[in-house]
Amino acid sequence: MITIKHHGATSGVTGSCHELVLDKQSSVLIDCGMFQGEEASGTESDNLKLDFPVSNVKALFITHCHIDHVGRIPSLMAAGFNGPVYASKATARLLPLVLEDALKIGVTRNATLIRQFLNLLSQQVQPVEYKQWHPVESVEGLRFRFKPAGHILGSAYIEFECSVDNTKEIILFSGDLGAPYAPLLPAPQAPWRADRLIIESTYGDKLHENRRNRRKQLENIIAHCLQDAGTVLIPAFSIGRTQELLYELEDIIHRQKGTAWENIDVIVDSPLAAKFTQHYRELSTLWDAEAKTRKQHGRHPLAFEQLITIDSHSQHLKLVNYLTSSGRPAIVIAASGMCAGGRIVNYLKALLPDPRTEVLFVGYQAKGTPGHDIQKYGPAGGYVYLDNEKIDIRAGVYTISGYSAHADQKDLISFVKRMRYKPKEIRIVHGDKEAKRVLKAELKKITPETEIIIP
């Protein structure tokens, strides 16, 4: 009997790691992510630790390269895992950047050790094409295929075909599914069938605003910034959210030709985000039809005139000081997305007390992160602790949920509803308790015969 074990993303939305156990001698892992926020156990290095044996793990499959899905891969390899690491071609290209950054922040800045790890990783990573079935090395009776998930560049959901005791079973891991009208990437298409489905539930109890409304909100917030001569701070994940925002901002500025919008600086202050944006540009064959059409018409959605990239730390500090003193209108996109580290923290410390500042959240803020505290207490004029320093919040605080790269409740239900043959079992992971509870109830309405489990 094939079983599924969960080593993360069961009590919240981080630490995704699931084990497909084929028999007593062999299993495969789907993702190996880091815990964040309240789900983290202590220091950054503690969150990289594994709490399960890896001796039987024959292969690792990566749905996408966000840190909560890949952050514990160095620990997995340190524990002796030397099997293949399967990823889509785009994910395989982005993965070394993500893990190098994670190691520098949470483990070591020793360049030699990091280079050794990346060399080892490059020997194990096996890039695969979307939509093609592939056998798994050293595992009898198991094959797989990746299908586009529309979450970030390279993201995939994974179908496993398991042939055991003359029976075939399709087991599907959703990874993180994208919203259908997100910019840049095509929407995920539901599969024909799945016997067992492991599905995310980040927004299982919520509906996103539509794209037109959220773009209008984005435009209105920035217009307010232009009037106040202040700064809009957008904490954003380096991969996915940053590129979607740049795409939308280019379109807003394009429509506002001949106005003050043409003078506003759009600043990406994250070396990692800048590298990812370059990869997004180079991999434009994976864009959706709308984005490809804009490019064909001579526009540059990810490399427009007002876009400024900040590289060095000294440039970063100068810019923080300049924006604090000058009051020049600017949009700053910086990591980390939950304000738990990175360059966004310096901006927040300097500019949160300034009422001309606007802070705009466009992604999920996990409980226990500074981003969640700013989002919760900022509108009431509260405070937040950053680097153990109490910072008063006089800035405006806004949230636009529609820019989440995650599917909302309607999208998750549609993913299941559109399957021709519904799963016999659904496991709901990667969500807060309430999100999972609500999604379970909604899924039960469309799949009354299905056993729905919250691990």
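## Surroundings of Cys339

Leaving aside neighbours within four places in sequence, Cys339 is in contact with Pro235, Ile344, Val345, Leu348, Phe361, Pro370, Gly371, Ile374 and Leu386, where contact means heavy atoms within 4.5 Å. Cys339 lies in the loop between strand 15 (330-334) and helix 10; helices (H or I, at least four residues) and strands (E, at least two) are DSSP runs, numbered from the N terminus. Cys339 counts as buried, at 1% relative accessibility. Buried means under 20% relative accessible area, exposed over 50%, and partly exposed in between, with a 1.4 Å probe and protein chains only. From C-alpha to C-alpha, Cys339 and Leu185 are 26 Å apart in space, and they are 154 residues apart in sequence.

## Basis of the description

This is a predicted model, in which local features need pLDDT of at least 70 and side-chain atom pairs count only at pLDDT 80 or more, while totals for chains, interfaces and linings use all residues. Residues are numbered from 1 along each chain as its sequence is written, and side-chain values use heavy atoms, with hydrogens and water left out.

## Surroundings of Thr63

Thr63 is placed in the loop between strand 4 (57-61) and helix 1 (67-70). At 1% relative accessibility, Thr63 counts as buried. Apart from neighbours within four places in sequence, the residues in contact with Thr63 are Ile30, Asp31, His69, Thr91, Gly154, Ser155, Ala156, Ile158 and Gly175.

The side chain of Thr63 has a polar contact of 2.8 Å with the side chain of Asp31 and one of 3.0 Å with the side chain of His64. A polar contact is a pair of N or O atoms within 3.5 Å; within protein, one must be able to donate a hydrogen and the other to accept it, and residues adjacent in sequence count only if both atoms are side-chain atoms.

## Salt bridges

Side chains of opposite charge can pair when their charged atoms come close. A search of the whole structure finds 29 salt bridges, each being a side-chain nitrogen of Lys or Arg within 4 Å of a carboxyl oxygen of Asp or Glu. One of them joins Glu169 and Arg196, with the closest N and O atoms 2.7 Å apart. This pair links distant parts of the chain: Glu169 belongs to strand 10 (residues 167-173) and Arg196 to strand 11 (residues 196-200), 27 residues apart. Glu169 is buried, with a relative accessible area of 19%, and Arg196 is buried too, at 6%.

Arg193 forms a salt bridge with Asp195, the closest N and O atoms being 2.4 Å apart. Here Arg193 is partly exposed, with a relative accessible area of 31%, whereas Asp195 is buried at 9%. Another salt bridge joins Lys445 to Glu442, with closest N and O atoms 3.1 Å apart. Because Lys445 and Glu442 are 3 residues apart in helix 13 (residues 433-446), about one helical turn separates them. Lys445 counts as exposed at 60% relative accessibility, and Glu442 as partly exposed at 23%.

## Helix 5 and helix 6

The axes of helix 5 (residues 211-228) and helix 6 (residues 241-255) come within 11 Å and cross at roughly 70 degrees. Axes are lines fitted to C-alpha atoms, for helices over the stretch in contact, and angles run from 0 to 180 degrees between N-to-C directions. The two helices are therefore roughly perpendicular to each other; angles under 35 degrees count as roughly parallel, over 145 as roughly antiparallel, 65 to 115 as roughly perpendicular and the rest as oblique.

Where the helices meet, Arg211, Arg214, Arg215, Leu218, Glu219 and Ile222 of helix 5 face Tyr247, Glu248, Leu249, Asp251, Ile252 and Arg255 of helix 6 in contact. A network of salt bridges links residues including Arg211, Arg215, Glu248, Asp251 and Arg255.

## Helix 9 and helix 10

Helix 9 (residues 313-326) and helix 10 (residues 344-351) have axes that come within 10 Å and cross at roughly 20 degrees. That makes helix 9 roughly parallel to helix 10. Among the residues that meet are His313, Leu317 and Val320 in helix 9, and Asn346, Tyr347 and Leu351 in helix 10.

## Helix 12

Helix 12 (residues 409-417) is mostly covered, with 7 of its 9 residues buried: Gln409, Asp411, Leu412, Ile413, Ser414, Phe415 and Val416. These buried residues pack against strand 9 (156-164), strand 10, strand 11, strand 20 (425-429) and helix 13. At the start of helix 12, a side-chain oxygen of Asp408 comes to within 3.2 Å of the backbone nitrogen of Lys410.
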